[in-house]
Amino acid sequence: MSLSTALKTGDVALLPSRRDENWRWTDLRALIRELPASAAAESVSDVGPFAAIGGEEQVWVNGHARDASQITVEAGEVVTAQVRFISTRPSGNTARLGVRVRPGGRLVLLESYEAPADAAISAVDLDIEVQDGGRMERIVLAADQAQSITVSTAEVTLGAGAVYAQTLLTTGARRQRVETRVAHPGAGTSVRLDGAYLLADQRHADLTTIVTHGGVDGTTSQMTKGVVRDQGRGVFQGRIVVEPGADRTDARMGHHALILSDRAEVDAKPELLIFADDVQCAHGNTVGALDEEAIFYAMQRGMSVDQARAMLTTAFVGEVIDRIEHDGAREIARDWVTRQLDGAGE
Amino acid sequence: MLSIKNLHASVADKPILKGLTLEVPAGEVHAIMGPNGAGKSTLSYVLTGRQGYEVTEGSATLNGEDLLALEANERAAKGVFLSFQYPLEIPGVPALTFIRTAMNAQRKARGEDEIAAPAFLKLARETAASLKIDFEMLKRSLNVGFSGGEKKRMEIFQMAMLSPRFLILDETDSGLDIDALKIVSAGVNAMRSPERGMLVITHYQRLLDYIKPDRVHVLSAGRIVASGGPELAHELEAEGYDKYVQVAA
């Protein structure tokens with residue numbers, strides 16, 4: 001069951017629902033009574049959030065690919081690619097992107113979800129393969145409409161000695177899920193899965209990750225931060241599976257959320273499922289309010305209460321931003337986060 | 001300068017200050033000494049506007065302006081500075097960014113222009129040097145991983161940068177070794193001026209060997225129960241607070 005299958009068949013019975021344990025906090029079946037028809041392709045004039053960085057660009061409008069829907073980085077090649085998933089009409093649409101990084105290739109994938117005008121229901125599937133010794137950094141900015149429903153699912157397959165890093169930044173939608181499934185071979189491969197959700201009004205975001213360590217000597221590092229105000233709802237589901245024999249796995253998962261109103265909600269399910277003996281795994285999970293003492297400290301020095309809160313909240317999310325390796329993308333991400341947190345007000 | 005009259009204040013409905021009256025004229029340094037639980041820290045928080053500290057009676061004014069009606073940041077902009085007993089760690093905010101944001105917020109509140117970056121950095125470098133603070137430390141997250149002495153030095157650094165009109169030092173000597181105490185005291189003494197008043201809150205007389213007060217007050221059970229010259233601090237050190245605790249009771 002998935003949103004993309006439901007959209008393709010028009011059968012609402014195929015939507016994920018709360019009866020599926022993995023979807024209990026992101027029920028689509030109860031939300032969507034009728035699946036809208038798809039909309040035609042359109043041209044879009046504005047540029048994406050990563051435009052300043054340049055590189056090749058692939059655009060989907062209402063699920064229609066304007067360019068090829070495959071990115072291949074050849075051995076030894078270094079590529080920066082922007083992919084933009086844009087919805088311009090109230091419609092239902094699906095898109096698929098294949099990404100392949102051949103041995104020793106390097107890719108920076110700058111991915112954006114844009115809904116400039118109307119809310120839509122969209123499902124995006126990414127098939128990502130980074131072969132032996134390849135490197136990929138994926139940075140996702142999801143700026144959906146408040147009434148949008150979006151599911152983005154990435155299946156990531158990694159070769160020996162590959163490096164895969166991603167940072168998901170989202171302001172949520174009516175319902176939004178960004179899911180990443182990683183088949184981790186061990187073998188000196190390194191994975192970083194980070195994210196931040198900044199939710200206001202009645203927005204929802206669900207960051208779900210499943211990493212399966214299938215071999216020895218693999219590392220995974222995860223850091224997700226959330227800031228939720230008003231009646232926002234953040235969901236973090238992080239699962240790390242260490243299969244039998246995947247010894248010397250080093251896996252660390254952190255999820256930390258700030259709740260800035262009484263009616264905001266954060267649901268977190270960090271899971272470490274360890275079936276090997278010789279592993280180092282840890283997870284930390286905290287959900288709390290801003291430190292009132294720190295706010296008073298900043299106010300005693302002269303900052304207004306709004307300024308103090310914005311500073312502390314931006315710093316809280318900054319830890320995720322600082323881990324982005326691509327310089328240009330990191331600063332664009334930082335500006336974006338600062339704008340979201342300043343603009344949300346109190 | 002600072003004028004406190006019959007101040008009553010409660011925390012969680014429990015009365016802590018019970019009719020405190022105190023005048024600190026410009027140019028003077030007054031020390032407040034007292035046993036644990038006397039209300040010393042409460043006084044510093046009430047004067048600086050911390051939430052949860054409710055004034056039930058009395059007044060506190062700075063140069064005739066009512067402090068108690070103002071938000072904490074407005075009081076800061078009027079020139080009230082509190083050196084915290086336990087300075088907060090602010091992860092992800094470099095010390096320089098924190099102070100510059102605070103300084104510009106104060107300036108804006110007073111209708112002044114923001115300080116230009118070169119002028120700010122010059123001031124920061126000079127001030128850091130005078131307090132023997134490594135400038136690189138100011139690029140790190142404020143107080144994160146700093147020792148107790150380094151945190152107190154950062155408080156004095158912020159004080160010197162913001163150049164307030166009235167200073168409140170809450171147990172500034174706690175956690176300081178003798179070398180750090182000398183540096184911190186020299187930093188505070190450098191700020192003594194005819195236009196500026198200071199309230200030095202301390203449990204022990206030791207700090208007052210380095211920051212010489214004009215007047216010493218004993219705070220016990222929420223009121224000033226005795227006042228005198230610097231010799232009062234020595235008397236307290238020798239004899240303890242017992243007789244004042246009884247007076248208050």
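**Figure 1. Helix α3(B) passes helix α5(B) in a right-handed crossing.** A crossing is called right-handed if the near helix is turned clockwise from the far one by less than a right angle, and left-handed if anticlockwise. The model is predicted, so local features need pLDDT of at least 70 and side-chain atom pairs count only at pLDDT 80 or more, while totals for chains, interfaces and linings use all residues. Residues are numbered from 1 along each chain as its sequence is written, and chains are lettered from A and ligands numbered from 1 in the order in which they are written. Helices (H or I, at least four residues) and strands (E, at least two) are DSSP runs, numbered from the N terminus. Helix α3 (residues 95–109) and helix α5 (residues 148–162) of chain B pack at about 35 degrees, their axes 10 Å apart. Axes are lines fitted to C-alpha atoms, for helices over the stretch in contact, and angles run from 0 to 180 degrees between N-to-C directions.

**Figure 2. Residues of α3(B) and α5(B) make the helix contact.** From α3(B) come B:Ala95, B:Ile99, B:Ala102, B:Met103 and B:Gln106, and from α5(B) come B:Met154, B:Gln158, B:Met161 and B:Leu162. Contact requires C-beta atoms, placed from the backbone, within 7 Å. By class, this contact has 7 nonpolar, 2 polar and no charged residues. Ala, Val, Leu, Ile, Met, Phe, Trp, Tyr, Cys and Pro count as nonpolar, Asp, Glu, Lys and Arg as charged, and the others, Gly among them, as polar.

**Figure 3. Chain B touches chain A.** The contact takes 21 residues from chain B and 17 residues from chain A. On the side of chain B, α2 (72–77), β7 (90–94), α3 and α5 each give two or more residues. Helix α3(B) gives the most, with 5 residues. This side of chain B divides into 13 nonpolar, 7 polar and 1 charged.

**Figure 4. An open sheet of 6 strands lies in chain B.** The order is β6-β9-β10-β3-β11-β12, with mixed pairing. Two strands pair if DSSP finds at least two bridges between them. The edge strands, β6 (80–83) and β12 (223–228) of chain B, each pair on one side only. Strands β9 (residues 166–170) and β10 (residues 197–202) of chain B pair in the parallel sense over 5 bridges.

**Figure 5. A:Ile321 is found in helix α3 (residues 305–322) of chain A.** A:Ile321 is buried, because 24 other C-beta atoms lie within 10 Å. A residue is buried at 20 or more other C-beta atoms within 10 Å of its own, exposed at 12 or fewer, and partly exposed in between.

Key. Contact = placed C-beta atoms within 7 Å.
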